[in-house]
Amino acid sequence: MSEAKTYPSDPVQPPLQLGELEPAPVEGCPGCAELANVRDRARAGGDMTTVTDCNVYMRRHPEGHQ
Ligand SMILES: [Zn+2]
């Protein structure tokens with residue numbers, strides 16, 4: 001291994017990759033709007049677990065959209 005990038009303690013989770021993990025709320029969908037709301041508040045509070053949860057739910061949502 002020639003990589004000299006060694007950290008004292010590996011982070012348990014890789015940094016979030018925006019763009020891949022951030023689905024956009026669908027216009028006119030109350031569920032998406034609510035999720036976006038919760039996600040915003042969670043992010044403001046540093047609660048990345050909830051942010052991820054919202055993203056997962058939001059990404060599943062499109063299956064329920066027409
Ligand atoms: Zn939706």
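1. What covers the buried residues of H2? Helix H1 (30-44) is part of that cover. Keep in mind that this is a predicted model. The buried residues in question are Val 51, Cys 54 and Met 58. They sit on the same side of H2, because the arc they cover around the axis is only 65°.

2. Turn to the face of H2 that points away from the buried side, and you find the exposed residues Thr 49 and Arg 60 there. So much for the two faces; the helix itself runs over residues 48-60, 13 residues in total. From first C-alpha to last it reaches 18 Å, close to the 18 Å expected at 1.5 Å a residue.

3. Setting aside neighbours within four places in sequence, its contacts are Leu 35, Val 38, Arg 39 and Ala 42.

4. A few words on the chain as a whole. Its secondary structure amounts to two helices and zero strands. Of the 66 residues in the protein chain, 9% are buried. As for contacts between residues at least 6 apart in sequence, 47% of them join residues at least 24 apart.

How values were computed. Residues are numbered from 1 along each chain as its sequence is written. This is a predicted model: local features need pLDDT of at least 70, side-chain atom pairs count only at pLDDT 80 or more; totals for chains, interfaces and linings use all residues. Helices (H or I, at least four residues) and strands (E, at least two) are DSSP runs, numbered from the N terminus. The expected span of a helix is 1.5 Å times one less than its number of residues. A residue is buried if 20 or more other C-beta atoms lie within 10 Å of its own, exposed if 12 or fewer, and partly exposed in between; C-beta atoms are placed from the backbone. The arc is that of the directions from the helix axis to the C-beta atoms. Two residues are in contact if their C-beta atoms, placed from the backbone, lie within 7 Å.
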